[in-house]
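Try each task before you read its solution.

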Amino acid sequence: MTAPRPRRRISRELTRIANAPVDSVLAEIGDSAPASRPRIGVTGPPGAGKSTLINTLAAHRIGANLCDTMAVLAIDPSSPVSGGSILGDRIRMDRIADLPGLFIRSLSSRGARNGLCDNIVDLLVALERHAFDEIVLETVGTGQSEVEVAELVDTTVLIVPPDAGDSVQTMKSGILEVADIIAVTKADMPGAARMAADIGTILRARGDWMPPVVETRGDGTGVPRLSDEIDRHRAWLAEARPHAVSNARRRRYHLRALIARQAEEALSGDRHLAEGALADAYEKLTRKLGVG
Ligand SMILES: Nc1nc2c(ncn2[C@@H]2O[C@H](COP(=O)(O)OP(=O)(O)OP(=O)(O)O)[C@@H](O)[C@H]2O)c(=O)[nH]1
Ligand SMILES: [Mg+2]
């Protein structure tokens, strides 16, 4: 039995890191070595049923002792940083909020262009330092972010509601190519089986991994199968992509994100920095960052 996490303390720490400039972030988590805690990304259009599914998935995985501790980070595109509150208003996870070993936090995407927050990697590393067995990241799919989230996690679960309609065609080129598992939610509604079949016809195997399509319902139907598929994918991944490769990829992503933020901080701190000839402005910026 794992001791309950000090949720309030972790939540305050995330708030602090979420609002901190790069230098302070590095002071706080800069000594972190690469660590691969399994990460599950859950992405899909607004209102697709992501939070509901994470709800039942967490209850199932913790209840069945598949993991002792789980952290859920939900990126909420609309609300401002939910200062320290454990539950965002929009995430319907109240049923599991008291589950021992579970930590839930929603965060604003702060208007970041890609629907992820620009400091998401810092927060994932901060959570990793608390040694959760699994970390789940919920993001609202806004085109590019769906694809980008796959860079940050081991297993990408794409959530598709039965009424997604035409979007299946647009999904074809982007997210379907990176989704490891597809969950058609709201399977109690008409069109779910049809949607699952339609997606099945356009899915392609990646290497020898064929993304499975699972139908789920808010009452938890289909969730044990989804959970099994997550474990099956994780086992496959352990063979196909060693941890060292995942760690190196995450580290590169993190470094790029830190540099991008540092540049943003420099540019917004000095409006003259971007003036003049492009090459001059570039030189001024890189000098300011100490990389020129
Ligand atoms: N009929 C039906 N409704 C569902 C099911 N799952 C979720 N819903 C409803 O769909 C709505 C959205 O559910 P959420 O779980 O909040 O969806 P979400 O994708 O997390 O939404 P955002 O985070 O706002 O993008 C809620 O009103 C849920 O009650 C289901 O299996 N069947
Ligand atoms: Mg949600």
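**Exercise 1: a pocket and its lining**

Helices α2 (22-29), α4 (120-128) and α9 (243-269) each contribute at least two residues to the lining of the second largest pocket. This is a predicted model, in which local features need pLDDT of at least 70, side-chain atom pairs count only at pLDDT 80 or more, and totals for chains, interfaces and linings use all residues. Residues are numbered from 1 along each chain as its sequence is written, chains are lettered from A and ligands numbered from 1 in the order in which they are written, and side-chain values use heavy atoms, with hydrogens and water left out.

*Solution.* 
1. Begin with the volume, which is about 340 Å³.
2. Next, find the centre: 20 residues line the pocket, and Ser 32, Ala 33, Val 125, Arg 251 and His 254 are the closest to it.
3. Sort the lining by class to get ten nonpolar, four polar and six charged residues.

**Exercise 2: the magnesium ion**

*Task.* Find which protein donors (N, O and S atoms within 2.8 Å of the metal, or 3.2 Å for Na, K and Ca) the magnesium ion has.

*Solution.* 
1. The donors to ligand 2 are Ser 51 (OG) and Glu 138 (OE), at 2.2 Å from the ion.
2. The two are 87 residues apart, with Ser 51 in helix α3 (residues 50-63) and Glu 138 in strand β4 (residues 134-140).
3. For burial, buried means under 20% relative accessible area, exposed over 50%, and partly exposed in between (1.4 Å probe, protein chains only).
4. Ser 51, at 9%, is buried, and Glu 138, at 7%, is buried too.
5. Water is not among the atoms, so the site may look incomplete.

**Exercise 3: a tryptophan pair**

*Task.* The structure holds two aromatic pairs; classify the one formed by Trp 209 and Trp 236.

*Solution.* 
1. Rings of Phe, Tyr and Trp (its six-membered ring) pair if their centres lie within 6.5 Å; planes under 30 degrees apart count as stacked, over 60 as edge-to-face and the rest as tilted.
2. Here the centres are 5.6 Å apart and the planes at 40°, so the pair is tilted.
3. Trp 209 sits in the loop between α7 (192-202) and β7 (213-215), and Trp 236 in helix α8 (residues 223-240).
4. Trp 209 is buried at 2%, whereas Trp 236 is partly exposed at 23%.

Methods. Helices (H or I, at least four residues) and strands (E, at least two) are DSSP runs, numbered from the N terminus. On a 1 Å grid over the protein atoms alone, a cavity is a set of points where a 1.4 Å probe fits but cannot get out, and a pocket is an open set with protein on both sides within 12 Å along at least five of seven lines; lining residues have an atom within 4 Å of a point. Grid points are joined across faces, edges and corners, and a volume is the space filled by probe spheres set on the points. Ala, Val, Leu, Ile, Met, Phe, Trp, Tyr, Cys and Pro count as nonpolar, Asp, Glu, Lys and Arg as charged, and the others, Gly among them, as polar.
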